[in-house]
Number of protein chains: 2
Amino acid sequence: MRHDFETHRRQAMSIFRAWGMPAEKAEKSADVLAWADLHGLESHGIALLVEYNERRQTRPINFQSKPAIVQETAVSALLDGDGGLGHDPAIRAMETAIAKARAAGVGVVSVRNSGHFGALGYFTTKATDHDLIGIAATSVFGIRVPPTGGAAARFGTDPWSFAAPAEPGRPFVLDMATTTVASGKVRNKIVEGQLMPSGWGMDGKGVPTLDPKAVMEGGFLSPLGGAAESAGYKGYGLAAMVNILASCLSGSTLITDPNHSKQPWGLDVGHFFMAINPALFRPIADFRADVARFCDDLRATPPVDPLKPVQVAGDPERKVRAEREKTGIPIGPGLHRRLHRIAQESGADWVLAPASVDSLQLAGDSEPRAKT
Amino acid sequence: MRHDFETHRRQAMSIFRAWGMPAEKAEKSADVLAWADLHGLESHGIALLVEYNERRQTRPINFQSKPAIVQETAVSALLDGDGGLGHDPAIRAMETAIAKARAAGVGVVSVRNSGHFGALGYFTTKATDHDLIGIAATSVFGIRVPPTGGAAARFGTDPWSFAAPAEPGRPFVLDMATTTVASGKVRNKIVEGQLMPSGWGMDGKGVPTLDPKAVMEGGFLSPLGGAAESAGYKGYGLAAMVNILASCLSGSTLITDPNHSKQPWGLDVGHFFMAINPALFRPIADFRADVARFCDDLRATPPVDPLKPVQVAGDPERKVRAEREKTGIPIGPGLHRRLHRIAQESGADWVLAPASVDSLQLAGDSEPRAKT
């Protein structure tokens, strides 16, 4: 089943509005999710509505939140997310960092008391639209990754993004969990009833597994690098860096705090955004030309497989976007069914295509099934 | 054979001076190398003199360099290294970033036309001494890492460092090559005649190998994460980020440029340094307390092996330092022999202990030997 970007956006918006979000805020949040689906980042697209729906039932989210800057200098701002979802404060934070970097050369914005904000690349790409380098990092709520040598989880997926302008429309955009894979990819394997490739995670005893449920139910995700001998302590170190920048700098609840969260609403997630103006050091045209040349040099590397040319961070997502702008965004039956139930339960308009007869028969299942 | 920190420092200083470096500069460079040896980072200690000695014979290094700031704002500086080694310009750059972050909240310093500067942790730790977050990255000269899916090397070890103040004397210090291991570790295996653990590198055809010579002579180092399926594209993405920050921002020669370098002296390596003042967002005592608590929470994780407690980035190096301050810094016979020859050839004072009879007999060998 396939829909265009606008349909994904309207479906997400109608569900956010049904949950009590004002129209302007719902539009922003929906834009972030639909952007991820358009770029092939399904784990950060409207699939997140399933997770948000579970979370709002265990801990109230402030859908009427009024994010505000509470402290500011020429190069920095501290923003309070007011216990809502993270999309709106994250957009404001990146816009603030961009404005400060345009005026003063650098902008660093720390966000506290916020929530999940979707794909980091959405925000760092915006910096490149303004001829700036963009950096983003966020702490998360789910604890699923042990420190190297540890037998209990202390980290989440703790993502990091770095983007730089190059040729117009072709920025370098690195957006990565500091785990081998993001939990969203594991979650989607559950939704679609599939096994994982090896190396993604461990069960509750730390034993490698292919079963995504064993990872999500008491098991662990691996930090980037895997075991200590293959330098998993570097992925662990990057995850700690992300938490220091996102939580310690903003004063959000530490992911290791057993009383998480210290705020009345939401998850008290912290974010970190930065924009740097390359014109501090060189004419922007020279910088862009060098980044573009560097990326082209990498793309020109002789490939191991002649059918698979070497790509640069941002290329795979642009390729998917170009395809999906023509043919639409696919959605699996498991996710379609879950979203349909969420829309029904919350009284939201149903914007996606109607469920097939098969899907309707399965609508009472709480778990996805393998294809019959 | 063991010596104290001061002896390592004086040996390095005497060789730098014999190469034509003024005393003040030689003292700075020697301090960076001896610091690495003291902290157990042998690959970035006086072992580097062997590599510097090889390089200065193939491409002239400006030992009389006069690094200078060529462009500056309240939050930034561009520094030209004048074709010398990188220690002196890197120290100046980090000091400049620190001064700007103390005054304006953030300091970003880009360095061009520089050379190798030793261990990044030396510099980022200095930021933490001033209650600041420190970040450092550098491009390198040796090309040894293919992009994911590529059959030719395009990257070096492209290191990244992030440090944050916590308890006094116990900062968080991440200092990592974006490869599984740094080339220095592979080089030291050659010097001492040992094989590598698995997962560190590939031979010239991209086949995994345990032979460090196969890696250093036509083979490849693996990006962090290894193969694409285990997310090696993330290590590749981090390496590209480091090159964009270090080379593209400063205008240094791109690592992919076949005409490397475009400068008359040295290797035209670029560096990136940043300091961020946490007081922009929170009282510094609160920030330090949260980082300290976070690190202690990680250390308290139940360990897989009860004899190996979980450590935090910076802990292993502090542990080694505490031991070596008591018992001295060990040096292997291969390195001792090579340094002795360099001192003899350059007319430098010999400060380390005299070579043993065995070592003298082997002094004519150009390659290290396995123990007989």
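How many residue pairs are in polar contact between chain A and chain B, both residues being at pLDDT 80 or more? In this predicted model, the count is 22 residue pairs.

The side of chain A that touches chain B draws two or more residues from each of several elements, among them the strands β3 (76–80), β4 (106–114) and β10 (269–276) and the helices α8 (232–248) and α9 (284–299) of chain A. Of these elements, α8(A) gives the largest share, 12 residues. By residue class, this side of chain A divides as follows.

| Class | Residues on the side of chain A that touches chain B |
|---|---|
| Nonpolar | 51 residues |
| Polar | 20 residues |

The contact involves 80 residues from chain A and 80 residues from chain B. Within chain A, A:K234, A:F281 and A:F294 supply 12% of the area that this chain buries against chain B, more than any other three residues. The area buried between the two chains is about 6400 Å², and carbon and sulfur atoms give 71% of that area.

Salt bridges between chain A and chain B number 2. A:R293 forms a salt bridge with B:D257, where the closest N and O atoms lie 3.4 Å apart.

On confidence, the model scores ipTM 0.93 and pTM 0.93. Chain A has a mean pLDDT of 91, and 95% of its residues reach 70 or more. Over residues 357–372 of chain A, however, the pLDDT is below 50. That stretch has 16 contacts in the model beyond near neighbours in sequence. Where pLDDT is low, the predicted coordinates should not be read in detail.

Notes:
Residues are numbered from 1 along each chain as its sequence is written. Chains are lettered from A and ligands numbered from 1 in the order in which they are written. This is a predicted model: local features need pLDDT of at least 70, side-chain atom pairs count only at pLDDT 80 or more; totals for chains, interfaces and linings use all residues. Side-chain values use heavy atoms; hydrogens and water are left out. Contact means heavy atoms within 4.5 Å. Buried area is the accessible area (1.4 Å probe) that two parts lose on being put together, summed over both. A salt bridge is a side-chain nitrogen of Lys or Arg within 4 Å of a carboxyl oxygen of Asp or Glu. A polar contact is a pair of N or O atoms within 3.5 Å; within protein, one must be able to donate a hydrogen and the other to accept it, and residues adjacent in sequence count only if both atoms are side-chain atoms. Helices (H or I, at least four residues) and strands (E, at least two) are DSSP runs, numbered from the N terminus. Ala, Val, Leu, Ile, Met, Phe, Trp, Tyr, Cys and Pro count as nonpolar, Asp, Glu, Lys and Arg as charged, and the others, Gly among them, as polar. pLDDT is the predictor's confidence in each residue, from 0 to 100.
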